[in-house]
Structure formats: structure tokens, C-alpha cells
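Here is a short report on a two-chain model. Look at the structure first, then read on.

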Amino acid sequence: MSITPIEAAISGEDACIYAYGVIGSQVRGASKARARKALVDHRAWRDRLQSQAPVIVAASIAYDFPFPVEDAESAKLLAVFVENRMVGQYADLAASAAGTAREDAVTAAMECATRAIAWGGMTQAFPQA
Amino acid sequence: MPVGVDQHVSRRAVLAAAAGIAGAGVLTACGGSTPASGPASDPVAAEVAGAEQALIAQYQAFITAFPQLSAELKPILDQHGDHLKALGVTATATASPVAASDARTAVAVLADVEREAAKARRASCVAATDPGLARLLALIAASEASHAPALTEMLAT
């Protein structure tokens, strides 16, 4: 069974929210504040998408990360990874949506790509994880 | 290093032009019934290609004027080249490059230009009729939005 772009985006946001819980536990100072802000922002996008989705999407209990996250450096790499990954999911959503929903998807993609830079990521022509 | 007094005028001029904001007509221009046969025939793609060409010309002008910026600006310049290539349209720049009084001003101008360009790409994305083009423009908007903080970081060092 294939899932729609909005369901994929909600699942992606759930993964981000989970990731930022882990990231926030590994970083300190300004990075912790950044993680907290990112967590709040992803939660807001998740709720907004869910309010527009025809089905209710459940979050997983836990998520596998692409690499072990056990210190501040790997936590920041995870933040770059999840943000860049979301850009692609929001681009998929933009392609399938129209009007305000499409505009919102692009805004979210812009925010994710911008956060990836703040976490130390490199700029990309077509941001992807 | 002193910041040029004409900085704000320069920025505004380049914002209006290089970002390709003045393209409201495109919204109605692509409402026809002819299905898009790829970006090349799409007026939205053509308009964005012109704006990308203007961005490329602006980066090239600043790299020529301030060679010390070359190493850091070149990767971003290349990304705009990739954007243009992906649009599949040969374009002429929609604006002429502006000058900056010093390297720091040039970088600050580019950061502003990228922010405005990202917003313009978002508007073009909403106007696009072809889903593939919409997806591409969403990615370009995200890329250009991410250029702004990367450029701002250059000012901090």
C-alpha cells in the first residue's frame, strides 16, 4: 500500500520530532536552544499537516537512525540529515498540492533547508539527505 | 571596512531585478489548456531561468570585483548553474549586475538577493501547472533560502 505525499510528510515530521528529542539530549548551550526551537517548529508543521490530511497518521514508537548518535557531533549530523530529508518530502507534497497548501509546503522546505545550514550542513543545489 | 553609502539603493535595485519578483503576469499566462511538454515550453520555467541567469551574472560580477570571495562564492554560483540546467531553458538575464563598494557589502547584498529569490521561487512554484516543475521549484526555493545563512556566516568570520 502506497502512502500519499501528505502522509509521508506527517511521518517525516514525526521522525524529526523524535530525532530532536535525541539531539536535544546530546547538545548544550545555543545548540540546545536551537534543538528546542526546531522541535517546536516541526511539531507545529506536523499538527498543521494532520489537520489537513484525510487520514490520521500515527507516529512510530521509535526510529532507526542512519548512524549511531551518541555525542554532540553525531547529534548535529542527525539534525542536518533529518532536515535535508524533509526538504524532499515537502517538495513531493508541493508537487501534489495546490494554492495555499503548496505554498505552505515550499515554506516548510525553505525552513528545513535553512535549519540544515544552521546545524553545519553544506548548501546544495537540490537539498537532500 | 566602511560600508558604501549607496548600499541600500544597490540592494533594492538588485532585489527587484535579480530575484525576478516582477512576474505577476505568469499567473495568468500559464492557464491555457495545452499540457506542458516539459519545462522548456513553460512560461514559469522561462521566467525563473531568466532570474537564475541574473543571479549567475551577479555572482560572476562580484567574484570578478572581489577575487578573495571566489573560493566561498563559487560553490553557490555552481548551484545556480545547476538550477538553470535543471530548468532546461536557455535564458537571458532579467537584470544587469549591480556594483558593491566592498567585499562585505557584496556578500550582504547576495544574502538579501537569495532571500528574495527563494520567495520568488515559491511564488513561481504556486503558479506552476506541471507537478514536476513545481517539485523542482520547491527544491530551488529551499536551496536559495539556505544560501542566505551560508552567506551571512561568511560575514561573521
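## Size and fold of chain A

Chain A has a radius of gyration of 14 Å, which agrees with the value near 14 Å for a compact globule of 129 residues. That radius is taken over C-alpha atoms, and the globule rule is 2.2 Å times the number of residues to the power 0.38. The C-alpha trace of chain A spans about 40 × 35 × 25 Å along its principal axes.

This is a predicted model: local features need pLDDT of at least 70, side-chain atom pairs count only at pLDDT 80 or more, and totals for chains, interfaces and linings use all residues. Residues are numbered from 1 along each chain as its sequence is written, while chains are lettered from A and ligands numbered from 1 in the order in which they are written.

Chain A has 4 helices and 0 strands. Its pattern along the sequence is α-α-α-α. Helices (H or I, at least four residues) and strands (E, at least two) are DSSP runs, numbered from the N terminus.

## A domain from the record

UniProt, in an unreviewed entry, places the feature "domain: DUF4439" at residues 7–127 of chain A. UniProt positions follow the numbering used here, feature names are shortened, and annotations may be inferred rather than shown by experiment. This span of chain A is 74% helix and 0% strand, and its end C-alpha atoms lie 21 Å apart.

## How chain A meets chain B

How many residues of chain A are in contact with chain B? There are 26 residues of chain A, and they touch 23 residues of chain B. Two residues are in contact if their C-beta atoms, placed from the backbone, lie within 7 Å. On the side of chain A that touches chain B, α3 and α4 (99–118) each supply at least two residues. The largest share, 14 residues, comes from α4(A).

By class, this side of chain A has 17 nonpolar, 6 polar and 3 charged residues. Ala, Val, Leu, Ile, Met, Phe, Trp, Tyr, Cys and Pro count as nonpolar; Asp, Glu, Lys and Arg count as charged; the others, Gly among them, count as polar.

## Helix pairs across the interface

Start with helix α3 (residues 72–96) of chain A and helix α6 (residues 131–156) of chain B. Their axes come within 8 Å and cross at roughly 145°. Axes are lines fitted to C-alpha atoms, for helices over the stretch in contact, and angles run from 0 to 180 degrees between N-to-C directions. The crossing of α3(A) and α6(B) is right-handed. A crossing is right-handed if the near helix is turned clockwise from the far one by less than a right angle, and left-handed if anticlockwise. The residues in this contact include A:V87 and A:Y90 of α3(A), and B:P131 and B:L139 of α6(B).

Helix α4(A) also packs against α6(B), at an angle of about 35° with the axes 8 Å apart. By class, this contact has 16 nonpolar, 3 polar and 1 charged residues. Helix α4(A) packs against helix α5 (residues 103–127) of chain B too, at about 150° with the axes 9 Å apart. Among the residues that meet there are A:R102 and A:M110 in α4(A), and B:R122 and B:C125 in α5(B).

## Confidence

The predictor gives the complex an ipTM of 0.97 and a pTM of 0.86. Chain B has a mean pLDDT of 81, and 75% of its residues reach 70 or more. pLDDT is the predictor's confidence in each residue, from 0 to 100. Over residues 1–38 of chain B the pLDDT is below 50. Where pLDDT is low, the predicted coordinates should not be read in detail.
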